[in-house]
Amino acid sequence: MSQPPGRSDGAVPERNSDPQLQAEIQRLFQLTLYTRWLVVGGLWLTVGSVSLWSLRESIQLWFEYFTWAAVRYAFAFNRLAAIGVGICLGTTFAVLLWQSRVILWGIPAPEYQRLSQQVMRIRVQGSTHPLWNWVCGKKEMGHTMGQGQNNQH
């Protein structure tokens with residue numbers, strides 16, 4: 001049985017120990033999330049669009065008279081298009097399931113440990129690390145969003 005991520009017995013760092021570390025882990029997690037969706041979007045723009053373009057005559061036939069047999073034969077006679085659409089759908093569903101799991105149950109302990117270790121490596125390398133500006137170089141999120149300004153009316 002895995003232990004909860006809040007325990008501090010060496011396996012997973014205490015989630016409330018250092019607020020700056022927590023903010024950096026959260027920014028690295030957000031960067032990971034955005035990167036996954038960029039990969040999915042890039043796949044749909046490249047592989048998916050080429051695959052759907054090669055299936056355009058079959059898709060036109062589906063709009064006129066849809067049957068599952070027509071879908072099956074379209075993919076059977078256009079193997080590369082079927083593989084391309086399958087890759088795009090597979091990565092989309094994988095990212096959706098991954099993100100749903102994180103939303104429902106939080107970041108799993110091993111992934112949280114990996115993120116915290118990666119943040120520590122970024123901190124050690126300093127500003128020469130490619131992710132430094134996104135993870136450690138930012139100030140507190142409230143100041144970047146305009147919440148720390150003195151607004152007088």
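Guide: Helix 1 and helix 5 (residues 109–125) pack with their axes 9 Å apart and at an angle of about 105°; the axes are lines fitted to C-alpha atoms over the stretch in contact, and angles run from 0 to 180 degrees between N-to-C directions. The two helices, helix 1 and helix 5, are therefore roughly perpendicular, a label given to angles of 65 to 115 degrees. Helices here are DSSP runs (H or I, at least four residues), numbered from the N terminus. This is a predicted model, in which local features need pLDDT of at least 70 and side-chain atom pairs count only at pLDDT 80 or more, while totals for chains, interfaces and linings use all residues. Residues are numbered from 1 along each chain as its sequence is written, and side-chain values use heavy atoms, with hydrogens and water left out.

On the helix 1 side, the contact (heavy atoms within 4.5 Å) involves Gln20, Leu21, Gln22, Glu24, Ile25, Leu28, Phe29 and Thr32. Helix 5 contributes residues including Tyr112, Leu115, Val119, Met120 and Ile122. By class, this contact of helix 1 with helix 5 has 9 nonpolar, 5 polar and 3 charged residues; Ala, Val, Leu, Ile, Met, Phe, Trp, Tyr, Cys and Pro count as nonpolar, Asp, Glu, Lys and Arg as charged, and the others, Gly among them, as polar.

Helix 1 itself (residues 19–54) has 36 residues and spans 51 Å from first to last C-alpha, close to the 52 Å expected, that is, 1.5 Å times one less than its number of residues. Helix 1 also bends by about 40° at Gly48, the angle between axes fitted to the seven residues ending there and the seven starting there.

Methods:
Parallel < 35°, antiparallel > 145°, perpendicular 65-115°, else oblique.
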